[in-house]
Amino acid sequence: MTRHATAADYTRLGVPTGATDAEVKSAFRKLALRYHPDRNPDNPEATRHFRLVVESYDAILQGPPPPRTPAHTRPMHPGSPQTAPPPNRPHPVFRPMVEAIPKPLAALDVGDVVWTDYAAILVGPDRSCYLDPADLGRPHVDRGTQVRVERRFDGYHVTLPPNCRHRWTVSSRAAGAGLAIAALNETTAPLRTGGFNPLMPGHLLDSVVSKMEPGQRGWTIAAALVVQPNGSCFIDGSEHVNDQPTLTTPVRVERRNDGWHVVADGHPKRWAEQARVPTRGHIQLASAVLGGFSVRPLDARKGR
């Protein structure tokens with residue numbers, strides 16, 4: 001059974017007593033990477049310190065709450081006798097008697113199955129998903145590690161918990177620093193895939209076109225823009241908005257009081273040649289400037 005956390009455990013991780021789970025995880029991740037046995041194969045002192053860090057981490061995040069004085073041991077009034085405490089009972093939660101040593105995701109072998117937190121998944125501007133190679137996986141699931149990662153012959157397979165409500169933000173370093181994910185599943189249902197890297201669903205992303213507030217501006221993918229031959233322009237409201245332009249997000253979209261406005265490269269005829277039809281999730285634009293040309297619907301031009 002995991003023991004109670006002490007002040008020494010917080011000192012060992014370098015966090016103040018009462019630190020939040022996020023602060024504890026961040027400090028533990030840095031220390032685990034520094035003292036991990038794989039990085040210090042010939043340093044027994046580093047291995048010993050690593051085990052102490054893991055023990056302190058488990059005590060803080062997974063240990064039982066601080067002991068409380070039972071009511072039957074507190075005197076009813078000064079001078080009244082105290083009854084004997086009941087015998088110790090085993091903890092109701094079963095924990096496997098195995099040594100839970102975290103392992104970086106980049107060091108997983110084929111066949112390994114670990115659990116990690118939501119921060120391990122990096123999402124690129126084009127919604128492609130990757131894994132943070134430095135993130136640590138644990139051999140069992142708990143309240144802070146609910147994302148399942150399995151290393152197979154074809155790559156990393158990631159499974160999200162059922163009814164996942166976590167929302168990811170887009171990271172520009174995802175493709176450069178991340179490990180490619182071969183499959184992304186929500187329990188047993190596979191999510192949208194695009195080639196080798198799965199795409200994060202729009203409802204799990206932090207910001208989408210339809211939820212932009214007036215005054216906000218961002219960049220999205222070219223496939224989000226639909227231009228019809230009559231000059232009507234639409235933007236996909238479910239597409240993610242990035243705060244910086246990239247090669248995969250060349251369309252600038254801005255929300256104003258009168259609606260959405262778009263600026264993009266490419267002549268309007270080139271956009272209209274794609275002959276795409278807007279769906280219910282598309283939003284009609286108030287204005288669009290494509291390749292330096294202002295595009296307006298035919299009925300707007302006739303009414304002028």
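Here is a short chat about the predicted model shown above.

Q: Good to know. How many helices and strands does the protein have?
A: There are six helices and 19 strands. The protein has 304 residues, and buried ones make up 44% of them.

Q: What share of the contacts comes from residues 24 or more positions apart?
A: Counting contacts in the protein with a separation of 6 or more, 72% are between residues 24 or more positions apart.

Q: Let's talk sheets. What is the strand order in the open sheet of five strands?
A: The order is S12-S15-S16-S18-S19, and the pairing is mixed.

Q: Which strands stand at the edges, then?
A: Those are S12 (217-220) and S19 (293-295). Each has a single partner strand, so one side of each has no neighbour in the sheet. From one strand to the next, the twist averages 25°.

Q: How many bridges join S15 to S16?
A: Five bridges join S15 (residues 251-256) to S16 (residues 259-264), and the two strands run antiparallel. In this pair, arginine 256 stands opposite glycine 259 of S16.

Q: What does arginine 255 lie over?
A: Arginine 255 lies over the face of tryptophan 260, at 4.1 Å from the ring centre.

Q: Nice. Now S14: are the residues on its two faces buried or exposed?
A: Buried, on both faces of S14 (residues 233-236). Cys233 and Ile235 lie on one side, with Phe234 and Asp236 on the other.

Q: Which way do S13 and S14 run, parallel or antiparallel?
A: Antiparallel: three bridges join S13 (residues 225-227) to S14, and valine 227 stands opposite cysteine 233 of S14. The two strands form a hairpin with five residues between them. In the turn, glycine 231 has a positive phi of about 95°.

Q: And how does S14 pair with S17?
A: S14 and S17 (residues 282-284) pair over three bridges in the antiparallel sense. Here aspartate 236 stands opposite histidine 282 of S17.

Q: Switching to rings: how many aromatic pairs does the structure hold?
A: It holds two aromatic pairs. In one of them, phenylalanine 28 and tyrosine 57 have ring centres 4.0 Å apart and planes at 15°, so that pair is stacked.

Q: Which helices do phenylalanine 28 and tyrosine 57 lie in?
A: Phenylalanine 28 lies in H2 (residues 21-35) and tyrosine 57 in H3 (residues 44-62), so the pair ties together parts 29 residues apart in sequence. Phenylalanine 28 counts as buried at 4% relative accessibility, and tyrosine 57 is buried too, with a relative accessible area of 6%.

Q: What about tyrosine 118 and tryptophan 168?
A: Those two form an edge-to-face pair, 5.7 Å centre to centre with 80° between the planes. Tyrosine 118 is in the loop between S2 (113-116) and S3 (121-123), while tryptophan 168 is in the loop between S7 (155-160) and H4 (174-177), so this pair ties together parts 50 residues apart in sequence.

Q: Last one: is tryptophan 168 buried or exposed?
A: Tryptophan 168 counts as buried, at 4% relative accessibility.

Definitions and conventions:
Residues numbered from 1 in each chain as written. Predicted model: local features only at pLDDT ≥ 70, side-chain atom pairs only at ≥ 80, totals over all residues. Heavy atoms only, no water. Pairing = 2+ DSSP bridges. Helix = DSSP H or I, 4+ residues; strand = E, 2+ residues; numbered from the N terminus. Axes fitted to C-alpha atoms, helices over the stretch in contact; angles between N-to-C directions. Phe/Tyr/Trp six-rings, centres within 6.5 Å; stacked < 30°, edge-to-face > 60°. Buried < 20%, exposed > 50% of the residue type's maximum accessible area, 1.4 Å probe, protein only. Lys NZ or Arg CZ within 6 Å of the ring centre and 35° of its normal. Contact = heavy atoms within 4.5 Å.
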